[in-house]
Amino acid sequence: MTLRHIAVGVDGSVISVRALDWAAAEAERHGVALRVLYAVADRDEAAPVLRSAASRTRRRHPGLPVTTVAVEGGAVHALARESAGADLTVVGTRGLGALTGTAFGSVGTRLAALARGPLLVVRGDHPCDDGRDVLLGLEDDTDAEAAAYAFQEAERRGVRLRVVHSWSRRHITPELPSLVTARSPGQERPAREARAEEAVPRYALARLRDMHPDVVVDARTVRAAPADVLLEATREAAVAVIGAHRRTSVFGPRLGPVAHVLMHRARCPVVLVPHG
C-alpha cells in the first residue's frame, strides 16, 4: 500500500528548490511523506539532482519520510499521473521547461488542467509558515472541494480563513422610469441578485463551519471582477485556494480565466482544487 504523500517536481533550478522547500513544509504540516520526482530523457541524469533534493530536505526536516523517483518523459504528464495518488502536488512558477522545451506558461497551465488532485503553484517570496491568512476564492457551491481544502489548510496552519466571493452582474437593458412609486420588476431584479450573491458564502460554508469550529472565518461578497479582487487579496495571504474550473476545447481541457490569472500573477502560492 502506498503511503499518503505530497509530490513535488524538481529539475535542479533555484525555483524548483523553492518548490521543494514548500512541499517539504506542507508534508510535515499534513503529517505525510514527501515524494520528489524528476522527469528526464535519461534516468541516469537524475541521480545528482534527486540526491541533492533528498539531502536538503532531510537536513531541514529531520524525520520527514522522503523518497525520490526518476521518470523518463515529459514533466507535465509524469506529474499529472503522480497527482492521482498524492494529497497535493507542488511545482514552481518556472522550471521544468528544460524537460519539455517549454516555459512555465504552457507547462504549468497544462499541468493545472490535467492534475487529478490539488495542485500548489509556488509563487511570491514569503516563507511557507509566516502566519498569514488562508484565502479562499469562492465562486458558488460547486467549489465544495476547494472550500473543504481551504478550511483544512487554515486549521493545519492555525490561522484565519478569509473567503472572498465576487460577482459582476450581466448587462441588462435599462427600463423606462416607472410611472408608479412601487418598484418595477426590472428595478427589483438587481436587488434580488445582490441578496442571492451575498447569501452564497453563508450557505456554501455552513457545513464546513460546523466541521471546523476552531477556524475563524472572515467572509465577504463584493461586486467586482473575480480575478481582480482575488489578485489584490493575494498580497496578504499565505496561500490562495480556488476551484479549478476547467473547460473542454479542441485542444483538450483548459483552465478558466480566474485560475489562469492567479497562476501567473498572484503574490502568494496558489492551490487549484479540481471538482469531483
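**Exercise 1.** Work out how the side chains of D21 and R60 meet, and which parts the pair ties together.

*Solution.* Start with the distance: D21 and R60 form a salt bridge at 3.7 Å, N to O; the term means a side-chain nitrogen of Lys or Arg within 4 Å of a carboxyl oxygen of Asp or Glu. Helices here are DSSP runs of H or I with at least four residues, strands are E runs of at least two, and both are numbered from the N terminus. Last, check accessibility: D21 is buried at 17%, while R60 is partly exposed at 47%. Buried is under 20% relative accessible area, exposed over 50%, partly exposed in between (1.4 Å probe, protein chains only).

A word on the source: this is a predicted model, where local features need pLDDT of at least 70 and side-chain atom pairs 80 or more, while totals for chains, interfaces and linings use all residues. Residues are numbered from 1 along each chain as its sequence is written, and side-chain values use heavy atoms, leaving out hydrogens and water.

**Exercise 2.** Find the salt-bridge partner of D87 and say where both residues lie.

*Solution.* The partner is R4, with the closest N and O atoms 2.5 Å apart. D87 is in the loop between α3 (75-83) and β4 (88-92) and R4 in the segment before β1, so parts 83 residues apart in sequence get tied together. R4 itself is exposed, at 55%.
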